[in-house]
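Have the structure open beside you, and try each task before you read its solution.

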Amino acid sequence: MPVAILITLAVLVLALKLFAFRAIPEIRVYFAYKRKRLITYPETHETAAVDVSAGQAAVGAFLAEPTLRLKECSRWPEREDCGQECLSQIEVGPANCLVWNIVSKWYEEKKCAFCQKPIGALHHLDHAPALLGPDFKTAEWNQFRPEQLPAVFSKYQPVCWNCHVAETFRRLHPELVVDRPFEPRRTM
Ligand SMILES: [Zn+2]
């Protein structure tokens, strides 16, 4: 093989390695910032749901450091001219403000209000656990807007998926449900 081709190949391999060295953190940053987060709005101390611009953060990570800017906020468009001070909360605890982690942590130590079985942390492949409202109706947690969740968690009780399905059926079709009184098992 001619020397010129060998040198070209060596340069290409080196360039690819350098690119991968920068691209892997970029991809990590992209997926880390892609998900919805909850922050406390600095002026009013209310909760807002925000999306960081994952693409911009990833390009920043490729060039030097991730650059955080908001892409969406539940307080927009009314507060679109804000200084995005809430980004400091995301920089300090990027995982702590993820909606998924906040919800998972809330359910982690809780038991179902109906069957008393522990619910545990969230899993992506499982059915979403639910909540029992003050009106005694159940709803899945992801039916609420993310920014509503802290207030919802203070008023609602945790309910497992099975009890949510059973209670929904009972509510929608009371004529088809027969409540049998508890009968102790005979031992003789
Ligand atoms: Zn249950």
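**Before you start.** This is a predicted model, in which local features need pLDDT of at least 70 and side-chain atom pairs count only at pLDDT 80 or more, while totals for chains, interfaces and linings use all residues. Residues are numbered from 1 along each chain as its sequence is written, and side-chain values use heavy atoms, with hydrogens and water left out.

**Exercise 1. Find the donors of the zinc ion and describe the geometry of its site.**

Step 1: Look for donors, meaning N, O and S atoms within 2.8 Å of the metal (3.2 Å for Na, K and Ca); water is not among the atoms, so sites may look incomplete. The SG atoms of Cys112, Cys115, Cys160 and Cys163 coordinate the zinc ion at 2.2 to 2.3 Å.

Step 2: Check the angles. Four donors count as tetrahedral if all angles lie between 85 and 135 degrees. Here the angles among the four donor atoms are 104 to 114°, and the site is tetrahedral.

Step 3: Read the spacing along the chain, which is C-x2-C-x44-C-x2-C. Cys115 sits in the loop between α4 (99-108) and β4 (130-132), and Cys160 in the loop between β6 (157-159) and α6 (161-172), so this pair ties together parts 45 residues apart in sequence. Helices (H or I, at least four residues) and strands (E, at least two) are DSSP runs, numbered from the N terminus.

**Exercise 2. Work out the strand order of the open sheet of three strands.**

Step 1: Pair the strands; two strands pair if DSSP finds at least two bridges between them. Strand β1 (residues 37-40) is joined to β2 by four bridges, and β2 to strand β3 (residues 70-73) by three.

Step 2: Locate some partners. Thr40 is bridged to Thr47 in β2; in β3, Leu70 partners Val52 and Cys73 partners Val50.

Step 3: Finish with β2 (residues 47-52): five of its six residues are buried, so the strand is largely enclosed by the rest of the structure.

Definitions and conventions. Four donors count as tetrahedral if all angles lie between 85 and 135 degrees; four count as square planar and six as octahedral if opposite donors are over 155 degrees apart and all others between 65 and 115; anything else is irregular. Buried means under 20% relative accessible area, exposed over 50%, partly exposed in between (1.4 Å probe, protein chains only).
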